[in-house]
Amino acid sequence: VQLVESGGGSVQAGGSLRLSCAASGRTFSELGLGWFRQAPGKAREFVAAFSRIGGSPFYADSVKGRFTISRDNAKSTLYLQMNSLKPEDTAVYYCAATTDFDSRRARWPYWGQGTQVTVSS
């Protein structure tokens, strides 16, 4: 599975960005998909994900109500709409994929290269 992110950039606090992740190499609808991020000096953390088994997406508490994950199976693309951005959202954002059925307990063997998001106050 190959994953390529795009859409990062710099924005002021309160602004919005939309990240995209184009996937190839596997039937897109058979993948669990998620977004993670890593801020400087911090461990990578979960942001949002869909499970392969379906159902509603789930989010980290820190982004709930501000970020929306979506997927377009016809375009094999995953999205992350980020609204009301805060300086603490500054990080490299990564798209990840899994063939495990439940993304809440998944191993994530496939990763994109990451895209930088910088939010200034």
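Here is a walk through this structure, from the overall fold down to a few single residues.

First, some ground rules: this is a predicted model, where local features need pLDDT of at least 70, side-chain atom pairs count only at pLDDT 80 or more, and totals for chains, interfaces and linings use all residues. Residues are numbered from 1 along each chain as its sequence is written, and side-chain values use heavy atoms, with hydrogens and water left out.

Let's begin with the fold. The chain has eleven strands and zero helices. Both kinds of element are DSSP runs numbered from the N terminus, with at least two residues (E) for a strand and at least four (H or I) for a helix.

How is the chain packed? Its C-alpha atoms fill a box of roughly 40 × 25 × 25 Å along the principal axes. Of the 121 residues, 45% are buried. Here, buried means under 20% relative accessible area, exposed means over 50%, and partly exposed is in between, using a 1.4 Å probe and protein chains only.

Take the contacts between residues at least 6 apart in sequence: 59% of them join residues at least 24 apart. A contact means heavy atoms within 4.5 Å.

Now zoom in on the cysteines. A disulfide is a covalent bond between the sulfur atoms of two cysteines; in this model, the test is a pair of cysteine sulfur atoms within 2.5 Å. The whole structure has one disulfide, and it joins Cys-21 to Cys-95, with 2.1 Å from S to S. Cys-21 sits in strand S3 (residues 17-24) and Cys-95 in strand S9 (residues 91-98), so the bond ties together parts that are 74 residues apart in sequence. The torsion about the S-S bond is about -75°, so this disulfide is left-handed. Cys-21 is buried at 1% relative accessibility, and Cys-95 is buried at 0%.

Finally, check out two serines. Most residues other than glycine have a negative phi. Ser-76, however, has a positive phi near 55°. Ser-76 lies in the loop between strand S7 (67-72) and strand S8 (77-82), and is partly exposed at 21% relative accessibility. Ser-84 has a positive phi as well, near 50°. You'll find Ser-84 in the loop between S8 and S9, partly exposed at 41%.
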